[in-house]
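Morning, everyone. Please have a look at the structure first, and then I'll walk you through it.

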Amino acid sequence: TYEQPALPKAVLEDVIPYLKEGTTLDIEMYEGEPIDIEMPLTVDLRVEDAPPGYAGDTATAATKEATLETGLKIQVPLFVQPGDVVRVDTRTGEYLTRV
């Protein structure tokens, strides 16, 4: 259904960093009570803040910390800038790609 039930914070605790307005979730219910939230495998979130990236002489893929629109902080490649939209894996919290 398209009901909008109120959910306790304990049920949402792990998914809050990935939620933004308009996100559709599947709620698992047991005896009329919500017991689990099923998130999409990925979400696209806008980068709010990220320091400038300087590649320099790196032997491996260099990353920097970026803060996303929901407050989630993740490691992203040096080329990602504020205003970019990135795809994040909701199972691991890892950067997947720039959208």
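Start with arginine 98. Arginine 98 is partly exposed, with a relative accessible area of 40%. Keep in mind that this is a predicted model.

Which residue does arginine 98 meet in a salt bridge? The partner is aspartate 84, at 3.4 Å from N to O. Find the two on the chain. Arginine 98 is in strand β7, residues 95-98. Aspartate 84 is in the loop between β5 and β6. They are 14 residues apart, so this pair links distant parts of the chain.

Now, is aspartate 84 buried or exposed? It is buried: its relative accessible area is 19%, and the cut-off for buried is under 20%.

How many does the structure hold? Six. Let's look at a group of them.

Lys20, Arg46, Glu48 and Glu69 are linked in a network of salt bridges. Take arginine 46. Its side chain meets that of glutamate 48 in a salt bridge, 2.4 Å from N to O. Arginine 46 also forms a salt bridge with glutamate 69. There the closest N and O atoms are 3.8 Å apart.

What does the pair of arginine 46 and glutamate 69 tie together? Arginine 46 lies in strand β3, residues 42-49. Glutamate 69 lies in the loop between β4 and β5. So the pair ties together parts that are 23 residues apart in sequence.

How accessible are these residues? Arginine 46 is partly exposed, at 36% relative accessible area. Glutamate 48 is partly exposed too, at 39%. Glutamate 69 also counts as partly exposed, at 29%.

Next, the core. In soluble globular proteins, nonpolar side chains tend to be buried together. Here, the largest nonpolar core has 18 residues. Which of them touch the most other members? Val47, Leu68, Leu72, Ile74, Val86 and Val88. Four strands, β3, β4, β5 and β6, each supply at least two residues of this core. The largest share, three residues, comes from β3.

Pick isoleucine 74 from that list. What does it contact, leaving aside neighbours within four places in sequence? Its contacts include Leu68, Val86 and Val88. Lys64, Glu65, Ala66, Gly93 and Tyr95 are in contact with isoleucine 74 as well.

Now threonine 90. Threonine 90 sits in the loop between β6 and β7. Is this residue buried or exposed? Threonine 90 is buried, with a relative accessible area of 14%. What does it touch? Not counting residues up to four places away in sequence, threonine 90 touches Tyr18, Met39, Pro40, Leu41, Thr42 and Val43.

On to the hairpin. Strand β1 covers residues 26-30, and strand β2 covers residues 33-38. They pair in the antiparallel sense, over five bridges. One example: isoleucine 27 has isoleucine 37 in β2 as its bridge partner. Two residues lie between the strands of this hairpin. Glutamate 31, in the turn, has a positive phi of about 55 degrees.

Last, confidence. The mean pLDDT of the protein is 86. How many residues reach 70 or more? The share is 91%. Among the elements, β6 has the highest mean pLDDT, 97. Helix α1, residues 9-12, has the lowest, 78.

To recap, go back to the two ends of the first pair. Arginine 98 is partly exposed, whereas aspartate 84 is buried. Thanks, that's it from me.

Conventions: Residues numbered from 1 in each chain as written. Predicted model: local features only at pLDDT ≥ 70, side-chain atom pairs only at ≥ 80, totals over all residues. Heavy atoms only, no water. Salt bridge = Lys/Arg side-chain N within 4 Å of Asp/Glu carboxyl O. Buried < 20%, exposed > 50% of the residue type's maximum accessible area, 1.4 Å probe, protein only. Core = buried A, V, L, I, M, F, W, Y, C linked by side-chain atoms within 4.5 Å. Contact = heavy atoms within 4.5 Å. Pairing = 2+ DSSP bridges. pLDDT = per-residue confidence, 0-100.
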